[in-house]
Amino acid sequence: MSHDALIAHFTGASALILVAAHAAGWLARRLRQPYIVGQLAAGIALGPSLLGGLAPGAYAALFPAAVGPALTGLAQLALVVFLFGVGYELDLKVLGDRARTSVTVALASFTVPMAVGGGCALLFGDQLHTLGMPRDLSPAAVVFAGVALSITAVPVLTAIVRENGLSRSVPGVVAVSAAGVLDVIGWTVLAGAMLDSGGGAPGLGWPWRVALAVAFVTVMGCAARPVLRRLLWRTRLEPSLRLALLLGFALASAWVTHSLGLHVIFGALLAGVVTPREDDGTLDPDLLRPLHDVGSLLLPFFFVVSGQAVTVGGLGATGWVALLVVTVLAVVTKVGSGTVAARLGGLGRHDARTVGVLLSARGLTELIALEAGRQAGLLSGPLYTVLVLMALATTLLTQPLLRLTERLAAHDRAAAPPPPRRRPDEAAATAAARLGDQRRPG
């Protein structure tokens, strides 16, 4: 393919990706679903499962193999920008007065699905072998199976909480706070699994990669924030130049973690976490706004690149059964563990159920982790397809489950017996007693 033809194919594919993904996101929002759900569905639809099956000629013309590297590079750039913003916004200070409850909910809704996912990977090795996995799974693959069930998508959850008017409610605050703690735990465990998967620079052994990763995180955690504040904030650089330098910093951090056998996502997240805030602790709007704009604009490229590996037609009977089982386990373990932990933390029955349902949303964060696992060789093609469809299904189920919890709460209130009515003489005696207490000197 000539250079000019490659540019023409890439331009046409990019136009289709942007229009289709954002139109699907708008439609999803009209259907009371998160915007990202529509974009994820569009990415799968533009892949071999739908477009490639219905119009193979058009699919081959729009997405020839030659444009794959360009689309992949743009998708990785979108990931770095998006996750840099996620890391910058991550603030565990929002735990506030509900810190103990939020941490308890986070630990429960991580460990229970983690144990179930890892246990199923060990128990159903023959079925996973049918889906293309090795008969003897590596420890990293077992851990990854647990992480795949444990993830909660903080951006999707936050959007659902905001769109349902739960931002200032007790279950909304607890769910968002717990999801932040879950993010930290999940990415840390996933990083350990990726290090154990054997990627990274050739000839660099696992102990060296762990040591270098720990050293890099230490340097970033201790030195990066004060250096960035001195260089970029106190010099009062204009916002556009500061944004460009910080994105370069995030890309460099992503390159380092990729070289250590991790994924670019870890470097981007770490760069966002260590980026300083304003002097009063608030987020810099001149940095956050363009990050959101650029990330949301380019994320469809990641969804399409991820969708290229989704092959629904190749699942077979075992794959569809696995999808049903995994989806049920993903919903039950998340909703059940989150609800029980929130109940033990002092929340009412309705609020606890709401927390459990909110934590079941996976969406984009799950897809990012799955793509990283696929690139590291921890997932086969069919199993990757199963887990991507599970992420889509669990996110789609969040809104209907929320409405179901609201109906259950309304039913409970209607079924509750009315408070006993006092007789007139009892009410008068009580009022007289209160009046006497007020007149009595303190």
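## Pockets, cavities and a surface patch

In this predicted model, the lining of the second largest cavity consists of seven nonpolar residues, one polar residue and one charged residue. The residues concerned are F82, L83, V86, P155, D183, W187, L269, T365 and I368. Helix α5 makes the largest contribution to this lining, with three residues, and α5, α10 and α17 (363–375) each provide at least two.

A search of the whole structure finds two cavities of 30 Å³ or more. The lining of the largest cavity is made up of F110, V147, S150, I151, T152, L182, D183, G186, W187, L190 and T365. By class, six of these residues are nonpolar, four are polar and one is charged. Here α10 gives the most, with five residues; α8 (139–150) and α10 each supply at least two.

| Space | Volume | Element giving the most to the lining |
|---|---|---|
| Largest pocket | about 1,100 Å³ | α9, eight residues |
| Second largest pocket | about 580 Å³ | α10, seven residues |
| Largest cavity | about 90 Å³ | α10, five residues |
| Second largest cavity | about 40 Å³ | α5, three residues |

The largest pocket has 37 lining residues, and E89, V154, P155, T158 and R162 are those nearest its centre. At least two lining residues come from each of α2 (35–45), α5 (68–89), α9 (154–163), α10 (170–196) and α14 (285–307). The lining of the largest pocket comprises 19 nonpolar, 10 polar and eight charged residues.

For the second largest pocket, the lining numbers 24 residues, with W187, T188, V217, F266 and L270 nearest the centre. The elements that contribute two or more residues to this lining are α5, α10, α11 (206–233) and α13 (264–274). Its classes are 18 nonpolar, four polar and two charged residues.

The surface carries a nonpolar patch formed by W26, L27 and L31, which together have about 360 Å² of accessible area. W26 belongs to helix α1 (residues 3–30). W26 counts as exposed because its relative accessibility is 54%, and exposed residues are those over 50%.

Technical notes: Residues numbered from 1 in each chain as written. Predicted model: local features only at pLDDT ≥ 70, side-chain atom pairs only at ≥ 80, totals over all residues. Heavy atoms only, no water. 1 Å grid on protein atoms, 1.4 Å probe; cavity = no way out; pocket = protein on both sides within 12 Å on 5 of 7 lines; lining within 4 Å. Points joined across faces, edges and corners; volume = space filled by probe spheres on them. Helix = DSSP H or I, 4+ residues; strand = E, 2+ residues; numbered from the N terminus. Nonpolar A, V, L, I, M, F, W, Y, C, P; charged D, E, K, R; others polar. Patch = residues over 30% accessible without salt bridge, like charges linked within 9 Å, V, L, I, M, F, W, Y side chains within 5 Å. Areas by Shrake-Rupley, 256 points an atom, 1.4 Å probe, with all protein chains shown as cover. Salt bridge = Lys/Arg side-chain N within 4 Å of Asp/Glu carboxyl O. Buried < 20%, exposed > 50% of the residue type's maximum accessible area, 1.4 Å probe, protein only.
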